[in-house]
Amino acid sequence: MLAAVLDDFGTPLDVREVPDPGVRGGEVVVDVLATCVLPYASEVFGGARRYPLEPPVVPGLGGIARVVTTGPDATRLTPGDLVWCDATVRSRDDANTPDITLQGWSSRGDGGLRLSRHFHDGSFAERMSLPTECVYPVGDVDEADAARWSALGIYLVPYGGLLAADFRAGESLLVSGATGNFGSAAVAVGLAMGAGRVVAVGRDRRVLDDLRARFGARVHTVALTGEADEDQASMTAAGGGPLDVVLDILPPAVDAGVVRTAVMTVREYGRVVLMGGVGMLGGADLALPYPWLMRNSVTVRGQWMYPRDANARLIELARAGLLDLRQDGVHTFPLARVNDAIAYAADNAGPFVRTVLAPNAH
Ligand SMILES: NC(=O)c1ccc[n+]([C@@H]2O[C@H](COP(=O)([O-])OP(=O)(O)OC[C@H]3O[C@@H](n4cnc5c(N)ncnc54)[C@H](OP(=O)(O)O)[C@@H]3O)[C@@H](O)[C@H]2O)c1
C-alpha cells in the first residue's frame, strides 16, 4: 500500500510503498477515506513542537475509514462498516491511570511512548491498523461526506472538556479562546449540547462577528481589550451574570493572567475546565486565589482529550444534526499531495476550515 512517511523531523513526507498492516488480535484494519490535517502539522513534522514521535513513522490522527478486517475478538464490527477511527489509544493494563498515545501523532510520558512503538503508524496511508476499541461505526453516513466527518476529532476535544464539567442543557458557557480552531469548535459543541448562552471570548472581532452570525442569538461575544477589570466586567455582562461553566483553550504563549480573568467570571458553585496549553512553555502560573476558590465552592479541573464514550455520543449529536458538520469548509488533497496539504493547512488555519487528506482517492 501507499503511505506518507516522515523519515526525519524537518524533511518532507515521502509517499511510497510500505507493507500492508496485518490484522492481529484486538485490532482492526481499515481503508482510510479521510483524515484531517491540523493547521500545526508542519510544526509537528518540522520538530518545533518537540512531540515524542519516532521516525520513521506514518503520521496522521485517525479519521473516517472502512473496515477491511477485524480481529477474532470483534463481536459487532464487520468488514465494509463505515467507521470513525479515534487516535486516542489507551494502554489496557491499568484501568485507573492508563498510558495514552495519540496514534501517529504524540504520546504522554514513558508509558505512552512505549505504547506508541506498537500502535506506531497513523492515518496518512491507504490502510492502517488500530485497536478495536478505537473504531466506532458512524452508521449510514454518505461516503461522500467522509471528509467533513473526519473533523470529528476537532469537536471531540472540547466535547471532552464539557463532559468533564458535566455541562447541562440550559446552562451558560464561557469559551476563552473562542476564535481559535478548538475554541470555535467548543462554541459549536456547547450549543449542540443545549447551552442557554455561550460567551465567545477572543481578540479577533471579525471572527467573533462570524461566530455570532453563524450561530445566532445564543452567542454573545467579547473582544478582549487587555484591561483585566474591564474584560472581566464585559464577560460577566455578556453571560447575563457569572457563568455556570468556563472552558479555557488558549495556547501556550498566552499570559496566565488572561486565563485567570476569564476563569474568575465563573459563578459560585460553578465549574472551570482547563484544556489549553498556558504554562507549558514556562512563565507565571495560573495562581487562582485560594479564598476565592474555597468561599465560592468552585470546581477546577484539567482535561486532556476525552473519554471513550464521547466518540459514540458526539457521532449521535452529528447524526442528529445538533452538531452541524455542514458548516465546515473542507479542502481535500490526495495522498500524493500530502506535503501540499500540510502547507495548505498551515496557511488556512481559520475556524471551521478543514484540510483533509483522502488517501484512497486517486
Ligand atoms: N486538552 C486537550 O485535549 C487539547 C487537545 C488539542 C489541543 N489543545 C490545546 O488547545 C490550544 C489551542 O489550540 P488551537 O489550535 O485551537 O489554537 P489556535 O487556533 O491558534 O487559537 C488560538 C486562540 O488563542 C487566542 N489568543 C492567542 N494569543 C492570545 C493572547 N495573547 N491573548 C488572548 N488570546 C490569545 C486567539 O485569539 P485571536 O485569534 O482572537 O487573537 C485564539 O482564540 C493549544 O494549546 C493546544 O495544545 C488541547
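Which residue in S8 is the bridge partner of Leu102? Keep that one in mind while we walk through the model; the reply comes in point 6.

1. First, a word on what you're looking at: this is a predicted model.

2. Let's start with overall shape. The C-alpha trace spans about 60 × 40 × 40 Å along its principal axes. Buried residues come to 48% of the 362. Now look at contacts between residues with a separation of 6 or more: 72% of them link residues 24 or more positions apart.

3. Next, the domains. Domain 1 covers 2-151 + 328-358, and domain 2 covers 155-302. Notice that domain 1 is written as two stretches of the chain. The C-alpha centres of the two domains lie 29 Å apart. Where they touch, domain 1 puts in 5 residues and domain 2 puts in 5 residues. What kind of residues does domain 1 bring to that contact? On its side there are 5 nonpolar ones, with no polar and no charged residues.

4. Now find the open sheet of 6 strands, which has parallel pairing and the order S13-S12-S11-S14-S15-S16. Strand S13 (219-223) and strand S16 (299-302) are the edges, each pairing on one side only. From one strand to the next, the twist averages 15°. Zoom in on S11 (residues 172-176) and S14 (residues 243-248): these two run parallel and share 4 bridges. In that pair, Ser176 stands opposite Asp248 of S14.

5. Helix H4 (residues 152-164) lies across S14, strand S15 (266-274) and S16, and runs at about 140° to S14. Helix H6 (residues 205-215) lies across strand S12 (197-202) and S13, and its angle to S13 is about 175°.

6. There's also an open sheet of 3 strands, in the order S6-S7-S8, and here the pairing is antiparallel. Its edge strands are S6 (88-90) and S8 (106-107), each with a pairing on one side only. Strand S7 (residues 100-102) pairs with S8 over 2 bridges. Back to the opening question: the bridge partner of Leu102 in S8 is Ser106. If you're wondering what holds such pairs together, strands of a sheet pair through backbone hydrogen bonds, either parallel or antiparallel.

7. My last stop is strand S5 (residues 82-85). Are its faces covered or open? Both are covered: Leu82 and Trp84 are buried on one side, and Val83 and Cys85 are buried on the other. S5 pairs in the antiparallel sense with strand S4 (residues 63-70) over 4 bridges, and in that pair Ala65 has Val83 as its bridge partner. S5 also runs antiparallel to strand S10 (residues 135-137), joined by 3 bridges. There, Trp84 stands opposite Tyr136 of S10. Putting this together, Val83 is a buried residue that bridges to Ala65, while Trp84, buried too, faces Tyr136.

Definitions and conventions: Residues numbered from 1 in each chain as written. Predicted model: local features only at pLDDT ≥ 70, side-chain atom pairs only at ≥ 80, totals over all residues. Domains from an automatic or database assignment. Contact = placed C-beta atoms within 7 Å. Nonpolar A, V, L, I, M, F, W, Y, C, P; charged D, E, K, R; others polar. Buried ≥ 20, exposed ≤ 12 C-beta atoms within 10 Å, placed from the backbone. Pairing = 2+ DSSP bridges. Axes fitted to C-alpha atoms, helices over the stretch in contact; angles between N-to-C directions.
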